[in-house]
Amino acid sequence: ERLIHAARIRDRVWQRSMRNNGVYDDMTRGLLYENAACQVGKGTDFSVENLKKQLRRYYRRYNTNKGWAAHLDIRQYFPSTPHIVAKETLRQRIRDPDLLRHTEAIVDSFKDARTAEAIAQDPVRRGIYLGSEMSQLIQLGNPDRLDHYMKERMHVRYYNRYMDDFILVDNSKDHLMECVEYIETALHGMGLALNKK
């Protein structure tokens, strides 16, 4: 079950205009090639084909089809994302102050759908709703620093992310588990968590 926010037509037109006139370019600038969701020329087919290419490279490099893979998923990514995390992502990426102000207002417009009891225990406002022109772009950029860390510092050669799903492949189980632990810690710092599945 997913919470969908159906924006009014005038809001959709306004958000589409912002998206097409600066927000998309700012939000996708500097994303890893392996980040495949919600971008022009990318999508699920791109992601699947890229993973296949990486697995073929892995085979050529190690001359074996044996190795380790981690398939990770952020638990309740859209409804549990803290507004402060989303706004920080926007501030780091959007260069135009007017577009930034308007996109932050969109984040503020998302109501926290948790129960009153849950909000009382954790008063940080949460929830980026599907159905908005901006929501997927915002969520696309939130874990970008994590993507770069995995590729540039942890040297994960075979890495893919599709929104809240990660796939990491490595020939060392220890290295892979170190990466998974780092991802868990980094997500915890963002107020998010991995699914236990």
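Which residue's side chain does D26 meet in a salt bridge? The partner is R95, at 2.8 Å, N to O. A salt bridge here is a side-chain nitrogen of Lys or Arg within 4 Å of a carboxyl oxygen of Asp or Glu. D26 sits in helix α1 and R95 in the loop between α4 and α5, so the pair ties together parts 69 residues apart in sequence.

Some ground rules. This is a predicted model, where local features need pLDDT of at least 70 and side-chain atom pairs count only at pLDDT 80 or more, while totals for chains, interfaces and linings use all residues. Residues are numbered from 1 along each chain as its sequence is written, and side-chain values use heavy atoms, with hydrogens and water left out. Helices are DSSP runs of H or I, at least four residues, numbered from the N terminus.

Back to the pair. D26 is buried, at 5% relative accessible area, whereas R95 is exposed, at 59%. Buried means under 20%, exposed over 50%, and partly exposed in between, with a 1.4 Å probe and protein chains only.

The structure holds 13 salt bridges. In another, the side chains of K87 and D108 meet at 2.6 Å, N to O. That pair links helix α4 to helix α5, 21 residues apart. K87 is buried at 16%; D108 is partly exposed at 34%.

K87 is also one of the buried residues of α4, residues 83-93. Those buried residues pack against α1, α5, α7 and α8, contact being heavy atoms within 4.5 Å.

Lastly, D112, R114, D122 and R126 are linked in a salt-bridge network. Within it, D122 and R114 have their closest N and O atoms 3.5 Å apart.

Conventions: Helices (H or I, at least four residues) and strands (E, at least two) are DSSP runs, numbered from the N terminus.
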